[in-house]
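Here are some notes to read alongside the structure. Please keep the model open while going through them.

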Amino acid sequence: MRTNDILSAYRSRDIARRILQSIKKEAEKLSRPVKFMHVCGTHEDTVTRGGIRSLLPNNVSIVAGPGCPVCITPVEDIVKMMEIMRLAKESGEKITLTTFGDMYRIPTPRGSFADMRAQGHDVRIVYSIFDAYKISLKEKNLVVHFSPGFETTTAPTAGILESVENDGVENFKIYSVHRLTPPAVEALIKAGTSFDGLIDPGHVSTIIGVRGWEYITRKYGVPQVVAGFEPVDMLAAIYTLLKMINDGEVDIKNEYTRVVKYQGNTAAQEAIYKFFRVSDAKWRALGIIPNSGLELREKYNWIDIRSRYNPPTPSLPDLEKGCICGAVLRGYALPTECKLFGKVCTPETPVGPCMVSYEGTCHIFYKYGALI
Amino acid sequence: MCLAIPGKVVEIRGNTAIVDYNGIRKEARIDFVKDVRVGDYVIVHTGFAIEKIDEDEAIKSLKAWDEVLRDENE
Ligand code: SF4
């Protein structure tokens, strides 16, 4: 069997239908309704695109947690980056700002990076930090990569920092807003979000391994399944969680064994912790979460643009009035419960960050017309 | 942005590879998958291969599901 065949098997309607039957059987045995949370925009895409919520029995629900790194990137950091560009311009230094397409459009009370470009600043969308780095090798400008993302994205950042160090590149800097996912899940649990099982993001887990999530089960008794991104993966994860609940088993299982190892990608982990140290960090609409941020270590401070320009951090509201992104990110509400959804707030005229990003729950609901 | 997709390695030059995604070819760094070879499938995220896809595991896990579902639905 070729890999393409294998992947198509994970999209197979026949297998999906059979797992659904088993899900129904398990659901009949439940003594109470259950709620499962995932923390990944791509999982939300699989769930919504596949209409999985409407296929599940009534007593099994799926909620989305904080699975969108650009949605939770603090307003303060985006605005501070804009201030840095203005300061640099005033002092006669030309900055080329690079970031991802969705980060580029995220609204703040002081506008977005897209607005900065409209005002004549050099802002470019890149597909990867590798592309941003290549710009710095070709051009003389100071290239600053505004770098959001969870563990999956931090690994590439660390990979490029390795090149910056080895090649002694002076005109490439970053502004790290990288975040770690397990501490956010832990913070939600501590703040009272309750769910009966956690579907772990397959590609974050590729980096941190099954072992990166284990403590959540051990400490809080939450069953977990590491899942891939095809419909069969998602259904298999739901089935496995139901089975564990009915069997009274509290454990963590790996459904995505074709990619995720127990120990994760240790080379990537080493690179991340070579350059970064863990710190408390703010998440937009969720507040400060202990040990959830990654800051450059002192030794690598010279790669941080804030070592060159450091305007004061502004204090600004996280969200526009009426936007319930905070509740959506906590798994308390689905986008359709927001009064602005689809009326005032659309991908063309986004009010909150969850509508801009391709991984934002509001954006995904809008895109697939999920009005359930 | 977090999206990571599978592709096939068709060429390797130092720490970069050319990865084919159903006919579209792009460069990807392979720093974190050291033992990767031409012909392997990898998961690529923002320009970096983050892991190889283990084809044997994929087949094994599908077979295991097939058995579980057969037992369940008999
Ligand atoms: S629909 Fe718009 S306003 Fe409402 S929660 Fe989502 S992003 Fe915020």
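The points below cover the basis of the model, the ligand site, the cores and some local features.

1. This is a predicted model, in which local features need pLDDT of at least 70, side-chain atom pairs count only at pLDDT 80 or more, and totals for chains, interfaces and linings use all residues. Residues are numbered from 1 along each chain as its sequence is written, chains are lettered from A and ligands numbered from 1 in the order in which they are written, and side-chain values use heavy atoms, with hydrogens and water left out.

2. Residues around the ligand include A:Cys323, A:Cys325, A:Cys338, A:Cys345 and A:Cys362, taken as those with a heavy atom within 4 Å of it. By class, this shell holds 10 nonpolar residues, one polar residue and no charged residues. Here Ala, Val, Leu, Ile, Met, Phe, Trp, Tyr, Cys and Pro count as nonpolar, Asp, Glu, Lys and Arg as charged, and the others, Gly among them, as polar.

3. The largest nonpolar core has 99 residues. Such a core is a set of buried Ala, Val, Leu, Ile, Met, Phe, Trp, Tyr and Cys residues joined through side-chain atoms within 4.5 Å; buried means under 20% relative accessible area, exposed over 50%, and partly exposed in between (1.4 Å probe, protein chains only). Helix H5 (residues 75-90) of chain A gives the largest share of this core, six residues. Helices (H or I, at least four residues) and strands (E, at least two) are DSSP runs, numbered from the N terminus.

4. A:Met81 is among the residues with the most contacts inside the largest core. Its partners, not counting residues up to four places away in sequence, include A:Phe113, A:Phe146 and A:Ile305, where contact means heavy atoms within 4.5 Å.

5. Helix H3 (residues 41-49) of chain A is largely enclosed by the rest of the structure, because eight of its nine residues are buried. Among the buried ones are A:His43, A:Glu44 and A:Asp45. Just after H3(A), A:Gly51 takes a positive phi of about 60°.

6. A:Ala281 is found in strand S10 (residues 276-283) of chain A and counts as buried because its relative accessibility is 8%. Its C-alpha atom is separated by 5.7 Å from that of A:Ser292, 11 residues apart along the chain.

7. Which residue in strand S11 (residues 287-296) of chain A deserves a check? A:Asn291 lies there and has a positive phi of about 50° although it is not a glycine. B:Asn22 also is not a glycine and has a positive phi, of about 45°. B:Asn22 is exposed, with a relative accessible area of 72%.
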